[in-house]
Amino acid sequence: MKVLREIFVFEWKYKLTALIIAVTLWGVVNLGSRTPVEVMRKVELRGDRLDFIYRVEPERVEVTVYVVEKLLFSDLIDRVKVFVNVSRINREGTYELKVEMETPFPVFIQPASASPPTVKVYVRSAAAE
């Protein structure tokens with residue numbers, strides 16, 4: 001027991017530093033470089049209310065994400081989400097909102113840009129229908 005304690009506790013700061021450096025180097029070597037990938041995604045609504053009807057134009061945007069090469073053919077790319085936040089809209093009208101992106105693992109799949117960067121959201125009251 002004393003031997004194990006001496007192995008892990010004695011000069012633990014140096015051992016922890018060496019472990020962090022080793023894990024970082026392993027990650028750099030094994031994960032490789034990032035490749036830009038362009039995918040088309042449908043724009044989702046976040047924060048929508050039942051008393052309004054929303055229409056987004058354009059409905060789809062082209063998103064550029066940087067993907068670690070080893071994950072290039074992974075199904076994780078399919079889980080990239082594109083959305084606009086409509087929670088602050090409280091009356092009818094036409095709004096131009098910024099497109100936001102969300103990826104399942106931002107360390108491995110990093111969102112870069114959306115084209116177009118903004119979309120028009122047409123809002124009208126559901127009571128009128």
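Me: What percentage of the 129 residues in the chain is buried?
Reply: Buried residues make up 24% of the 129. Buried means under 20% relative accessible area, exposed means over 50%, and partly exposed lies in between, with a 1.4 Å probe and protein chains only as cover.

Me: Where do these values come from?
Reply: This is a predicted model, where local features need pLDDT of at least 70, side-chain atom pairs count only at pLDDT 80 or more, and totals for chains, interfaces and linings use all residues. Residues are numbered from 1 along each chain as its sequence is written, and side-chain values use heavy atoms, with hydrogens and water left out.

Me: OK. How many helices and strands are there in the chain?
Reply: Two helices and eight strands. Along the sequence the pattern reads α-α-β-β-β-β-β-β-β-β. Helices (H or I, at least four residues) and strands (E, at least two) are DSSP runs, numbered from the N terminus.

Me: What is the radius of gyration of the chain?
Reply: The chain has 23 Å, whereas a compact globule of 129 residues would have a value near 14 Å. That radius is taken over C-alpha atoms, and the globule rule is 2.2 Å times the number of residues to the power 0.38.

Me: And what box do the C-alpha atoms fill?
Reply: Roughly 80 × 30 × 20 Å, taken along the principal axes.

Me: How much accessible surface does the chain have?
Reply: About 9500 Å², with 58% of it belonging to carbon and sulfur atoms. Areas come from the Shrake-Rupley method with a 1.4 Å probe; for residues, only the protein chains shown count as cover.

Me: On to the sheets. What is the strand order in the open sheet of five strands?
Reply: E6-E4-E1-E3-E7, with mixed pairing. Two strands pair if DSSP finds at least two bridges between them.

Me: Why is one side of E6 and of E7 left without a neighbour in the sheet?
Reply: Strand E6 (100-102) and strand E7 (109-115) are the edges, and each has a single partner strand, so one side of each has no neighbour in the sheet. Neighbouring strands of this sheet are turned by 40 degrees against each other on average, direction ignored. The axes are lines fitted to C-alpha atoms, for helices over the stretch in contact, and angles run from 0 to 180 degrees between N-to-C directions.

Me: How many bridges pair E1 with E3?
Reply: Nine, in the antiparallel sense, with E3 covering residues 60-68. Glu38 stands opposite Thr64 in E3.

Me: What about Met40, which strand is it in?
Reply: Met40 is in strand E1, residues 34-46. Met40 counts as partly exposed because its relative accessibility is 39%. Beyond its neighbours within four places in sequence, Met40 is in contact (heavy atoms within 4.5 Å) with Arg60, Val61 and Glu62. Met40 and Val61 are 21 residues apart in sequence, yet 5.6 Å apart C-alpha to C-alpha.

Me: Now the other sheet. What is the order of its three strands?
Reply: E2-E8-E5, an open sheet with antiparallel pairing. Strand E2 (52-57) and strand E5 (93-98) are its edges, each pairing on one side only. Here neighbouring strands are turned by 30 degrees on average, direction ignored.

Me: How many bridges join E2 to E8?
Reply: Six, running antiparallel, with E8 at residues 118-125. Tyr54 has Val123 in E8 as its bridge partner. E5 and E8 also pair antiparallel, over six bridges. There, Glu96 stands opposite Lys120 in E8.

Me: Which residues of E8 are on the covered face, and which on the uncovered one?
Reply: Val119, Val121, Val123 and Ser125 are on the covered face, while Thr118, Lys120, Tyr122 and Arg124 are on the uncovered face.

Me: Is Ser125 buried or exposed?
Reply: Ser125 counts as buried because its relative accessibility is 19%.

Me: Last topic, packing. Which residues touch the most other members of the largest nonpolar core?
Reply: Val119 and Val121, in a core of 24 residues. E1, E2, E3, strand E4 (81-85), E7 and E8 each supply at least two residues of this core. E3 gives the largest share, four residues. A nonpolar core is a set of buried Ala, Val, Leu, Ile, Met, Phe, Trp, Tyr and Cys residues joined through side-chain atoms within 4.5 Å.
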